[in-house]
Amino acid sequence: MSGNGDAAATAEENSSKMRVVRVGTRKSQLARIQTDSVVATLKALYPGLQFEIIAMSTTGDKILDTALSKIGEKSLFTKELEHALERNEVDLVVHSLKDLPTVLPPGFTIGAICKRESPYDAVVFHPKFVGKTLETLPEKSVVGTSSLRRAAQLQRKFPHLEFKSIRGNLNTRLRKLDELQEFSAIILAAAGLQRMGWQNRVGQILNPEECMYAVGQGALGVEVRAKDQDILDLVGVLHDPETLLRCIAERAFLRHLEGGCSVPVAVHTAMKDGQLYLTGGVWSLNGADGMQETMQATIHVPAQHEDGPEDDPQLVGITARNIPRQAQLAAESLGISLATLLLNKGAKSILDVARQLNDAH
């Protein structure tokens, strides 16, 4: 009898010492929903661990009266969270992958990229325009977007519309749309609306011919300390191989172009029959000037692989030791090749002018 009692006491002691993994997130409702979904997956995989969520505000959450592209800070939504990682206050941070720069500060890495939801952009219309599309909106209707990428592509496609910056989290933007008579529609990421349970507000999903998406859009990235092998192993199982390879190609394309949120750069990727297709484009701010190209590469994913030890396993800020290295390198090479092709065709001057104009306004 006493043996059972001892075992129970030991189990109780162990559970009270259960390891706590601290997870950092932005405070917005969407960020919390995204973080909760990742933590739920981790809890199911590791029932012996406890997870504590720590929410904090970032620069991008605090500066709401300025267009994102004007703030001149690459890590707008990540810097404060990275400080917490650095100070060992949290063990991992969940981000929208599109918020993570293609070059991370030293000491950090993306330890997991979760399965991508829809990467496309969605149009939400003012109640009086429900049933319309961008094409059928009245002349000079004002469409709100905080993204140069969306505005450049859509001005080119829908010259009868006017595009104006709108800032704030999803709740704030929807409130501005519904309550102010300023906007006929706003453009948001479809994935965010899905995660918030607001699919009923989506009036139109933009196809790649109308508007290609941002690098990493629709995917969540888990950022960790690069040398924290325990946490890297813990989150590595969350990697979705197809999402990972598509996002490596997209991030390599953007990095090689030296793009960021201050220039209009967009992508579209697809994986089919062992081929990875990458379309990438760059535009002037008003969309009048632009170019896009598509390339493909064979991505052979062997059933199993063995990687030798590597000094720096990171590619475009991502560590994925459980995914074949050669497949990752092929995806990175595709992104670099496509960026090189566009640069050779004159993309640099389009991007330079876009940067200068954006800085001047």
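Mentor: Two strands count as paired if DSSP finds at least two bridges between them. Helices (H or I, at least four residues) and strands (E, at least two) are DSSP runs, numbered from the N terminus. The model is predicted, so local features need pLDDT of at least 70 and side-chain atom pairs count only at pLDDT 80 or more, while totals for chains, interfaces and linings use all residues. Residues are numbered from 1 along each chain as its sequence is written, and side-chain values use heavy atoms, with hydrogens and water left out.

β12 and β13 run antiparallel and are joined by nine bridges. Across this pairing, W283 stands opposite G290 in β13. The two strands belong to an open sheet of three, in the order β11-β12-β13, with antiparallel pairing. β11 and β13 are the edge strands, and each has a single partner, so one side of each lacks a neighbour in the sheet. On average, neighbouring strands here are turned by 15 degrees against each other, direction ignored. Axes are lines fitted to C-alpha atoms, for helices over the stretch in contact, and angles run from 0 to 180 degrees between N-to-C directions.

The loop between β11 and β12 holds D273. This residue is not a glycine, yet its phi is positive, about 50 degrees. D273 is exposed, with a relative accessible area of 74%; exposed means over 50%, buried under 20%, and partly exposed in between (1.4 Å probe, protein chains only).

Next, the packing. α11 lies across β12 and β13, at about 150 degrees to β13; contact means heavy atoms within 4.5 Å. A nonpolar core is a set of buried Ala, Val, Leu, Ile, Met, Phe, Trp, Tyr and Cys residues joined through side-chain atoms within 4.5 Å. This core has 50 residues, and I113, F253, V265 and V282 touch the most other members. α10 gives the most, nine residues. Setting aside neighbours within four places in sequence, F253 is in contact with residues including V265, V267, L278, G335, I336 and L342. In soluble globular proteins, nonpolar side chains tend to be buried together.
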